[in-house]
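Keep the sequence and the 3D view open side by side.

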Amino acid sequence: MQTFEQQKEFGLFINNQTKMTEQKINILDKYSLQPIAQVARAGKEDVEEAVRGAQEAFKTPLSPYERYQILQKAAAKLREQQEGFANLLVKEVGKPINESMGEVFRSALTLEIAAEEGKRVAGEGVPIEAAPGSENRRAYTVRKPVGVIAAITPFNVPLNLVCHKIGPALASGNSVVLKPSDATPLVALKLAEILKEAGLPTGKLQVLTGHGAEIGNWLLENNKVNMFTFTGSTSVGKYIKEHAGLRKVALELGNNSATIVHHDTDVQAAAKAVALKSFNNAGQVCISVQRVFVHRSVHDEFVQHLKKATESIQVGDPGKETTDVGPMISEDAAQRVEDWVAEAVHEGAKIQVGGQRKEAVFYPTVLTNVTETMRVSYDEIFGPVVCVEAYTGTEESIQKVNNSDYGLQAGIFTNDLNFALQAAEEIEVGGVIINDTPGYRVDHMPYGGVKNSGTGKEGPKYAIEEMTEEKLIVWNR
Ligand SMILES: NC(=O)c1ccc[n+]([C@@H]2O[C@H](COP(=O)([O-])OP(=O)(O)OC[C@H]3O[C@@H](n4cnc5c(N)ncnc54)[C@H](O)[C@@H]3O)[C@@H](O)[C@H]2O)c1
Ligand SMILES: O=C[C@H](O)CS(=O)(=O)O
């Protein structure tokens, strides 16, 4: 029997079985741009079969402890197979091997956190008797799984962000129909196999590969789907929200993450932290640092340190342990970033380092003299580009951060406690990271944005709250 790595054709994962389709999609190695596999392209009938199977599976609930055991076993298998999963991420995403190993490590953690939280899905006692006339009544709430959850995920973190959806969904008793990214579906199929090996019953998890818009619409049209949890671009998130009707929708969307660097901080350390989180995963991270607002008195010093840190970054083959930054997800994506940088330069921005492209590789780029009217600043570039702008007053820095349609996370480097807490209060985002960049995330924290960055929170404890309904029960004794 072929190993997963030896396989060249992958079917849909429906009712714990592999289902091939006539039409297929090529999956490329993102560095060599050569095909590495073909995956099935789901049709409407496949989507309907997957949703039916998920609904049937939902009718046969597992106990919380059974769900805990399955997720823990799957996490253990992820750890055992860390290298295999990481090598797949290197090929499928173009993510450097060290970063890919880190994603697999975090994915196992996410499943373990979900397993634990699945044992704590509970409502609360309600002091109903406190109401005059209700002295003889008692009340409490319980949390019930919503049912069939459609989970749609992006290309950039295709293992851990899938675990952030299927982990809490399964832990809280739901069934999941997963649609991974068209560009990076293989690692989700590999994860489904280890959940099956871990004992996940038929139909609890279905994986539909194929074109997002096609499958997305068939899922939106299917009234057996009880909830949508989407991670991806703001435009697609808005579409899903507009077409989901009254069903629950959780949205983890785009961002143009900002960082304030005040004059009283260690400017060199801040520059190194910014470089690290501006260019990891080739800047294809929703909380990648994109806008840096630096106090005018330390702007030039910061730029010099940032240039030096950026010039030391190793760019190239993601399969090499010495590589810090590999290719973007496609040559088209790298071309788009190149066009945006050229437009910014035309409008007055200055390239301090970078700006070159070779096929799907765009070199880490630092822009100065950037203004808020440039697309590289106001829109989500989702590439290895960071924009530096000076500010004078603390109020001005907060205003610049808030001058955005997005609001996922922001960072501030300062030793001024009053400024830090004022920024934490006034910056319009889902999370403020003091003395680090917005790129900070650990998998059990509440994570999610405001404005065009989405609605709802992830992190297993918080995702479970979104994936369950709280039911009130009142007893008239
Ligand atoms: N907030 C977060 O936690 C978070 C995390 C990662 C990525 N993102 C965001 O994701 C984006 C990059 O990922 P991407 O390029 O894969 O995003 P995308 O929106 O292009 O695709 C995301 C998923 O949606 C599917 N899709 C595409 N069109 C659809 C449609 N009409 N209906 C239903 N599904 C559809 C895709 O196939 C993919 O599986 C960036 O904006 C980034 O900020 C956000
Ligand atoms: O791309 C956005 C991700 O949510 C960031 S992380 O990989 O979860 O830290």
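Helix 2 (residues 64-80) gives the most to the lining of the largest cavity, with three residues. Helices here are DSSP runs of H or I with at least four residues, strands are runs of E with at least two, and both are numbered from the N terminus. A cavity is a set of points on a 1 Å grid over the protein atoms alone, where a 1.4 Å probe fits but cannot get out; lining residues have an atom within 4 Å of a point. The model is predicted: local features need pLDDT of at least 70, side-chain atom pairs count only at pLDDT 80 or more, and totals for chains, interfaces and linings use all residues. Residues are numbered from 1 along each chain as its sequence is written, chains are lettered from A and ligands numbered from 1 in the order in which they are written, and side-chain values use heavy atoms, with hydrogens and water left out.

Stay with the largest cavity. Its volume is about 80 Å³, where a volume is the space filled by probe spheres set on the grid points, joined across faces, edges and corners. The lining consists of Pro61, Leu62, Arg67, Ile70, Leu71, Leu170, Gly173, Asn174, Leu200 and Lys204. Six of these residues are nonpolar, two polar and two charged. In this scheme Ala, Val, Leu, Ile, Met, Phe, Trp, Tyr, Cys and Pro are nonpolar, Asp, Glu, Lys and Arg are charged, and the others, Gly among them, are polar.

How many cavities of 30 Å³ or more does the structure hold? There are five. Helix 13 (394-402) and strand 20 (409-413) each supply at least two lining residues. This lining divides into six nonpolar, seven polar and three charged residues.

Now turn to ligand 1. Its shell holds 26 residues, and the closest are Thr153, Lys179, Asp182, Ser233 and Glu380. A residue belongs to a shell if one of its heavy atoms lies within 4 Å of the molecule. Helix 7 (212-221) and strand 11 (227-231) each supply at least two shell residues. Helix 7 gives the most, with three. By class, the shell has 13 nonpolar, nine polar and four charged residues.

Where does ligand 1 lie? Domain 1 (9-253 + 453-476) and domain 2 (258-444) both give residues to its shell, so ligand 1 lies between them. The domain bounds come from an automatic or database domain assignment.

A polar side-chain atom of Asp182 lies 2.4 Å from a ligand oxygen. For Thr153, a backbone N or O atom is 2.7 Å from an oxygen of ligand 1. Taken alone, ligand 1 exposes 840 Å², and the protein buries 87% of that. Accessible areas come from the Shrake-Rupley method with a 1.4 Å probe.

Ligand 2 also lies between domain 1 and domain 2, because both give residues to its shell. Around it are Arg106, Asn156, Val157, Leu161, Val285, Cys286, Ile287, Arg441 and Tyr447. Six of them are nonpolar, one is polar and two are charged. A polar side-chain atom of Arg106 sits 3.1 Å from an oxygen of ligand 2. The side chain of Asn156 places an N or O atom 2.8 Å from a ligand oxygen. Cys286 uses a backbone N or O atom, 2.8 Å from an oxygen of ligand 2. Taken alone, ligand 2 exposes 280 Å², of which the protein buries 91%.

Technical notes. A polar contact is a pair of N or O atoms within 3.5 Å; within protein, one must be able to donate a hydrogen and the other to accept it, and residues adjacent in sequence count only if both atoms are side-chain atoms. On a 1 Å grid over the protein atoms alone, a cavity is a set of points where a 1.4 Å probe fits but cannot get out, and a pocket is an open set with protein on both sides within 12 Å along at least five of seven lines; lining residues have an atom within 4 Å of a point.
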